[in-house]
Amino acid sequence: MTSYSTFRFELGDDGVALVTLDVPGSSANVIGDALRADLDALIQHVRDDAAIKGVVVTSAKSDFMAGGDLKAMVQLFSKPHTADEAFAIATQFQPTLRRLETSGKPWAAAINGPAMGGGLELALACHYRVAADSPKVQLALPEATLALMPGAGGTQRLPRLIGVAKALPLMLKGTRLSAQEALALDLVQSIAPSENIVNVARRWILERGEAVQPWDKKGFQIPGGGGFSTTELGQLYNLTATQISRDTNHNQPAPIALLNAVARGTAVPIDAGLHIEACNFAKLVLNPVARNTVRTLFLHKGEIDKLVRRPKGIPSANYTRIGVIGAGLMGGGLANSAAAAGIDVVLLDATLAQAEAAKTRLSADFAKRIAKGRMKQDKADALLARIHPAGDYAALSDCQLVIEAVFEDVAVKRDVFRKAAAVMAPGAILASNTSTLPISELAEGLAHPDRFIGLHFFSPVDRMPLVEIIVGKGTSDATLAESLDLVKALRKTPIVVNDSRGFFTSRVISAYIQEAFAMVGEGLAPALIDNAAKMAGFPVGPLAMMDDIGMDNGYKATMTEREVLGSAWRPSAGFVVQEMFCTTLDRRGRRQGAGFYDYENDKRKPWAGLAEVFTPEAGTANIDELKQRLLFIEALEAARCMEEGVITDAAEGDVGSVLGIGYPSYTGGVFSLIDTTGTRAFVEACDKLADRFGERYRPSAWLRERAERNELFFPLSMAA
Ligand code: NAD
């Protein structure tokens with residue numbers, strides 16, 4: 001009996017071989033060298049052994065197959081490659097599946113659980129697919145959502161099976177299909193109860209046993225046509241290309257490569273189509289975007305979510321009741337998120353009526369979601385039942401952790417801490433959601449600074465995935481560990497930073513906003529600056545964003561900083577503009593109907609008076625330079641944070657910048673941007689910008705030394 005390391009092979013008396021995938025040492029069936037080698041050997045074995053009538057492939061794990069090993073992929077993509085090497089990487093698995101479907105024997109996939117990416121591609125190469133009638137079954141080619149594209153025939157087989165018009169959006173969006181949806185699309189031929197799928201597949205082999213794919217039969221036509229055979233398809237490609245450009249501003253190579261593979265690959269026979277797919281995949285291997293995106297959003301985020309920074313040996317905290325002080329925008333959001341995680345929340349404001357009003361606002365928000373069919377009444381009721389408004393601090397006495405989200409004012413916060421600390425249970429954690437104020441300063445006067453920590457959530461709390469945890473001078477390891485447990489319970493991603501005014505994320509995003517203010521001062525139109533930001537990949541322009549948030553809080557924070565730092569305070573690049581808009585011009589944002597733009601009936605329009613205040617810059621603006629300035633100024637500030645020890649781990653900096661402050665994900669984050677540019681090239685470019693726009697761009701000696709050594713934040717040897 002032949003044995004394989006990544007699956008069980010059992011040949012039945014009826015001549016049907018049952019292959020049960022079970023990749024060792026991994027909770028999911030991921031495609032690696034061992035599985036590829038096993039499959040190659042299996043295909044040969046099936047071809048050669050006349051006793052084998054056909055093969056049923058299923059899985060011993062809860063998933064059918066999870067797809068490629070992304071960790072190995074990041075390592076592989078990190079090394080510089082020639083075009084030939086990239087093509088070799090692109091054809092690591094694809095020919096195996098072609099051999100499988102042309103082996104002359106029928107193959108059937110019995111899909112017991114999620115079949116994602118390469119997993120679905122394996123199933124598509126089989127001649128028959130039956131899926132378990134279970135909510136656990138999901139079928140998707142999600143590669144494009146990770147800046148990749150299917151590379152094992154998916155871009156060729158899916159359109160040939162269900163038509164280009166249906167296949168293209170499924171792959172571009174990475175849509176996850178249920179078993180029923182897959183059946184309706186003819187992506188699987190049948191569904192059956194989980195315990196029956198192997199029998200159904202086995203019966204199909206014995207009774208029908210078709211060993212030739214439709215696309216290998218003479219006269220095969222793709223449903224709805226392929227390539228450029230109809231006007232509708234031509235229009236579909238044009239429209240899709242336009243949508244991709246609009247959504248990605250040409251920053252994402254993957255969707256275009258995918259579109260190319262489908263449009264061109266379906267114009268020719270399957271083998272040529274597979275070659276076209278591989279050529280397009282190879283282009284992605286040569287481009288840093290796929291590696292950077294997967295490394296940050298999949299590998300590093302995955303490690304951070306497993307709480308790699310949690311101090312060891314401290315028992316994990318299980319939260320059942322927390323307190324939130326300040327029932328405003330952030331406090332309401334915090335209460336909502338905690339309730340959603342099954343935690344009871346005491347929501348306290350200056351008066352009970354204010355706290356109750358916050359709960360009423362949440363309830364109204366839920367009602368809107370229910371009306372739109374996005375929430376169920378019983379879920380809303382359950383959440384609201386966990387939120388307990390209060391006006392009296394005594395209500396906090398049985399909370400395991402209390403987080404403050406009152407006004408950004410040291411005196412107000414200290415007053416709140418004093419009152420909370422007086423009633424809180426011994427050992428309970430006190431946290432602040434401040435976005436700028438140094439935690440160690442806030443901790444002054446507290447009896448238990450070891451139990452005090454910064455938990456910086458982002459707005460809107462229910463949708464923003466990041467929490468920046470700020471460790472103060474006195475914060476204990478246990479407090480950090482237990483705070484990480486809370487963030488995990490809230491299903492958010494924590495980064496851990498050291499104390500500094502503005503910490504990491506607020507410092508980095510402030511540099512970007514200040515740069516945009518400075519550009520206004522240079523006479524550039526706000527719409528031009530905002531469009532440059534969007535073209536660089538930021539989700540919103542900095543000036544439109546500031547108009548939406550309102551300039552008051554930022555200006556107040558700057559004023560506080562000036563007061564605290566005294567003669568050591570230095571105005572930032574955009575301070576003059578910020579001050580003018582907040583004082584003499586009195587244009588503080590959308591709520592006032594006037595900011596960098598005018599607002600009429602809530603519609604944004606250019607402000608005609610701008611040219612009278614700031615002389616418009618002569619000549620044409622260099623959009624590439626504006627994009628570079630906005631991207632680089634954040635990366636430079638991030639590097640300063642690293643130099644000062646505010647952030648200690650580049651992976652956290654990358655994840656924090658993408659998830660917390662909208663740094664474009666295609667870059668992989670602030671530190672990946674420097675690595676991808678090349679530290680030397682980055683420093684040289686910053687020097688040039690410093691010569692033209694000011695010393696804020698001048699790299700520090702620390703960064704210069706790194707550049708001289710060409711030191712990377714993610715050395716290639718430990719890229720993953
Ligand atoms: P907000 O003005 O919406 O809410 C503040 C709430 O605190 C109000 O309901 C107010 O009544 C209450 N409050 C004020 N003084 C109080 C006191 N002495 N006792 C009890 N309640 C009191 O403000 P916000 O936007 O929710 O911000 C709150 C905190 O969160 C600030 O420190 C801010 O820097 C931080 N933060 C805000 C954002 C954001 O985007 N808004 C993001 C991250 C962090």
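Start by selecting helix α30, residues 701-708, and pick out its buried residues, Leu-703, Arg-706 and Ala-707. They sit on the same side of α30 because they cover an arc of only 100° around its axis. That arc is taken from the directions that run from the helix axis to the C-beta atoms.

Before moving on, a word about what is on your screen. This is a predicted model, in which local features need pLDDT of at least 70 and side-chain atom pairs count only at pLDDT 80 or more, while totals for chains, interfaces and linings use all residues. Residues are numbered from 1 along each chain as its sequence is written, and side-chain values use heavy atoms, with hydrogens and water left out. Helices (H or I, at least four residues) and strands (E, at least two) are DSSP runs, numbered from the N terminus.

**Around α30**

Stay with α30 and turn to the face directed away from its buried side, where you will find the exposed residues Ala-701 and Glu-708. Contact, here and below, means heavy atoms within 4.5 Å. After α30 comes Asn-710, with a positive phi near 50°.

Setting aside residues up to four places away in sequence, Lys-627 touches Ala-532, Met-535 and Ala-536.

**A glutamate in α20**

Select Glu-515, which belongs to helix α20 (residues 505-521). Glu-515 is buried, and its relative accessible area is 1%. Show what Glu-515 touches, again not counting residues up to four places away in sequence: Ala-573, Arg-629, Leu-630, Ile-633, Arg-696 and Tyr-697. One of these partners deserves a zoom, as the side chains of Glu-515 and Tyr-697 are joined by a polar contact of 3.0 Å. A polar contact is a pair of N or O atoms within 3.5 Å; within protein, one must be able to donate a hydrogen and the other to accept it, and residues adjacent in sequence count only if both atoms are side-chain atoms.

**The ligand**

Now bring up the ligand. Which residues are closest to it? Among the 23 residues that surround the ligand, the closest are Met-330, Asp-349, Glu-408, Lys-413 and Ser-435. A residue counts as near if one of its heavy atoms lies within 4 Å. Look for the oxygen atoms of the ligand: one is 2.9 Å from a polar backbone atom of Leu-329, and a polar backbone atom of Gly-328 is 3.3 Å from an oxygen atom of the ligand. Gln-354 brings a polar side-chain atom to 3.3 Å from a ligand oxygen. Taken alone, the ligand exposes 830 Å², and the protein buries 78% of that; these accessible areas come from the Shrake-Rupley method with a 1.4 Å probe, and for residues only the protein chains shown count as cover.

Colour α14 (329-340), α17 (410-423) and β16 (452-457), the elements that give two or more residues to the shell around the ligand. The largest share, three residues, comes from α17.

Follow the chain into the loop between β16 and β17 (466-471) and select Pro-460. Ser-459 and Pro-460 are joined by a cis peptide bond, with omega about -5°.

For a contrast in cover, visit two loop residues. Ala-147, between β9 (139-140) and α6 (154-162), has a positive phi near 65° and is buried at 3% relative accessibility. Asn-601, in the loop between β19 (597-600) and β20 (603-606), has a positive phi near 50° and is exposed, with a relative accessible area of 78%.

**Last stop**

Finish at Thr-240 in helix α10 (residues 231-248). Thr-240 is buried, with a relative accessible area of 7%, and its side chain reaches the backbone oxygen of Leu-236 at 2.6 Å. Leaving out residues up to four places away in sequence, Thr-240 touches Leu-168, Leu-172 and Leu-259.

Terms used: Buried < 20%, exposed > 50% of the residue type's maximum accessible area, 1.4 Å probe, protein only.
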